[in-house]
Amino acid sequence: MEKILNFGGRDVKFRASARALLVYKRQFGREYLADVNGLLGLVGEDENGEKTVDFSKLDTETLCRVAWTLAYTADSSTPPMDDWLDSFDEFPVIDILTELLPMLNSTLKVDKKNA
């Protein structure tokens, strides 16, 4: 699954694939699925239908690692995470999280036909 988001004044391509699991583990020494699971359920809606994030449970470092991994998976010329993050004037956490959640969910699905 691929998605292009515009933030920080430019289009950023993200890709969720099996490769993301390996990139994440090799780069950060952590399990991708375990960390992604911690991001799920953080987004909801308020009484006006506006998207909200439960910031009390948000691990921003995990979000940054996952976002970078999906960007790197889409484009292997993506610079190291710290440099990549530093290249943005803005990093709209709510927009990024809400847009990437469907991609993250897709990596956790079980194919019931083969399970």
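Strand S2, residues 10-15, gives the largest pocket the largest share of its lining, 4 residues. This is a predicted model, so keep that in mind as you look around. The lining includes Arg 10, Asp 11, Val 12 and Lys 13. The pocket holds about 150 Å³ of space. What kinds of residue line it? There are 5 nonpolar, 2 polar and 4 charged residues.

Now follow S2 to its partner. Strand S1, residues 2-7, pairs with S2 in the antiparallel sense. The pairing runs over 6 bridges. Take one of them: Glu 2 has Arg 15, in S2, as its bridge partner. S1 and S2 form a hairpin, with 2 residues between the strands. In that hairpin, Gly 8 takes a positive phi near 65°.

Next come two helices. H1 covers residues 18-28, and H2 covers residues 32-39. Their axes come within 9 Å and cross at roughly 100°. Angles of 65 to 115 degrees count as roughly perpendicular, so H1 is roughly perpendicular to H2.

Which residues meet where H1 and H2 touch? From H1 come Ala 20, Leu 21 and Tyr 24. From H2 come Tyr 32, Leu 33 and Asp 35. The contact has 5 nonpolar residues, no polar ones and 1 charged residue.

Notes: Residues numbered from 1 in each chain as written. Predicted model: local features only at pLDDT ≥ 70, side-chain atom pairs only at ≥ 80, totals over all residues. Heavy atoms only, no water. 1 Å grid on protein atoms, 1.4 Å probe; cavity = no way out; pocket = protein on both sides within 12 Å on 5 of 7 lines; lining within 4 Å. Points joined across faces, edges and corners; volume = space filled by probe spheres on them. Nonpolar A, V, L, I, M, F, W, Y, C, P; charged D, E, K, R; others polar. Axes fitted to C-alpha atoms, helices over the stretch in contact; angles between N-to-C directions. Parallel < 35°, antiparallel > 145°, perpendicular 65-115°, else oblique. Contact = heavy atoms within 4.5 Å. Pairing = 2+ DSSP bridges.
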